[in-house]
Amino acid sequence: MYVCSCFGVTEQQVKQHAENGACTPRQIASACKAGTDCGSCVRRIQSLLGRGACPRRELADRGGPVLAAVDGRDASDDLEEAA
């Protein structure tokens, strides 16, 4: 099922990004752009992420990279550029 119609992102893709370390809607957006256009999917993304413990929360709290590297760059680099 599609979560983000703007970018064609599915629930499975969001769950995969979460398994790879994306703990927040912002990190999901950095990984696949979901939630960055109209924003109507952000609440659904939040519900998919849940309120449970993030496997890489400690890294995120320390400001370290939490997402898998893509094309030689760490996806957290995109978050820093966007900030």
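Guide: Helices α1 and α3 are oblique to each other.

Visitor: What makes α1 and α3 oblique?

Guide: The two helices pack at an angle of about 55°, with their axes 10 Å apart. Angles under 35 degrees count as roughly parallel, over 145 as roughly antiparallel, 65 to 115 as roughly perpendicular and the rest as oblique, so α1 and α3 are called oblique. Axes here are lines fitted to C-alpha atoms, for helices over the stretch in contact, and angles run from 0 to 180 degrees between N-to-C directions. The crossing of α1 and α3 is right-handed; that is, the near helix is turned clockwise from the far one by less than a right angle.

Visitor: What kind of model is this, and how are its residues numbered?

Guide: It is a predicted model, in which local features need pLDDT of at least 70, side-chain atom pairs count only at pLDDT 80 or more, and totals for chains, interfaces and linings use all residues. Residues are numbered from 1 along each chain as its sequence is written, and side-chain values use heavy atoms, with hydrogens and water left out.

Visitor: Which elements does the chain have?

Guide: There are 5 helices and 4 strands, in the order β-β-α-α-α-α-β-β-α from the N terminus. Helices (H or I, at least four residues) and strands (E, at least two) are DSSP runs, numbered from the N terminus.

Visitor: Which residues of α1 and α3 meet?

Guide: Glu-11, Val-14, Lys-15 and Ala-18 in α1 are in contact (heavy atoms within 4.5 Å) with Arg-44, Ile-45, Leu-48 and Leu-49 in α3.

Visitor: Why is the pair Glu-11 and Arg-44 called a salt bridge?

Guide: The term requires a side-chain nitrogen of Lys or Arg within 4 Å of a carboxyl oxygen of Asp or Glu. Between Glu-11 and Arg-44 the distance from N to O is 2.6 Å, so the pair meets the rule. The pair links distant parts of the chain, with Glu-11 in α1 (residues 11-19) and Arg-44 in α3 (residues 42-49), 33 residues apart. The count by this rule is 1 salt bridge.

Visitor: Are Glu-11, Arg-44 and Glu-19 buried, partly exposed or exposed, and how do you know?

Guide: Buried means under 20% relative accessible area, exposed over 50%, and partly exposed in between (1.4 Å probe, protein chains only). Glu-11 has 16%, so Glu-11 is buried. Arg-44 has 35% and therefore counts as partly exposed. Glu-19, which lies in α1, has 56% and is therefore exposed.

Visitor: Why is Cys-32 called buried?

Guide: Its relative accessibility is 18%, so Cys-32 falls under the limit of 20%. Cys-32 is in helix α2, where Gln-27, Ile-28, Ala-29 and Ser-30 are buried too. Not counting residues up to four places away in sequence, Cys-32 touches Phe-7, Val-9 and His-17.

Visitor: What makes a nonpolar core, and how many residues has the largest one?

Guide: A nonpolar core is a set of buried Ala, Val, Leu, Ile, Met, Phe, Trp, Tyr and Cys residues joined through side-chain atoms within 4.5 Å. The largest has 11 residues, among them Val-3, Val-14, Cys-32 and Ile-45. Strand β1 (2-4), α2 and α3 each give two or more residues to this core.

Visitor: What follows α2?

Guide: Lys-33 does, with a positive phi near 75°. Lys-33 is found in the loop between α2 (25-32) and α3, and is a residue other than glycine.
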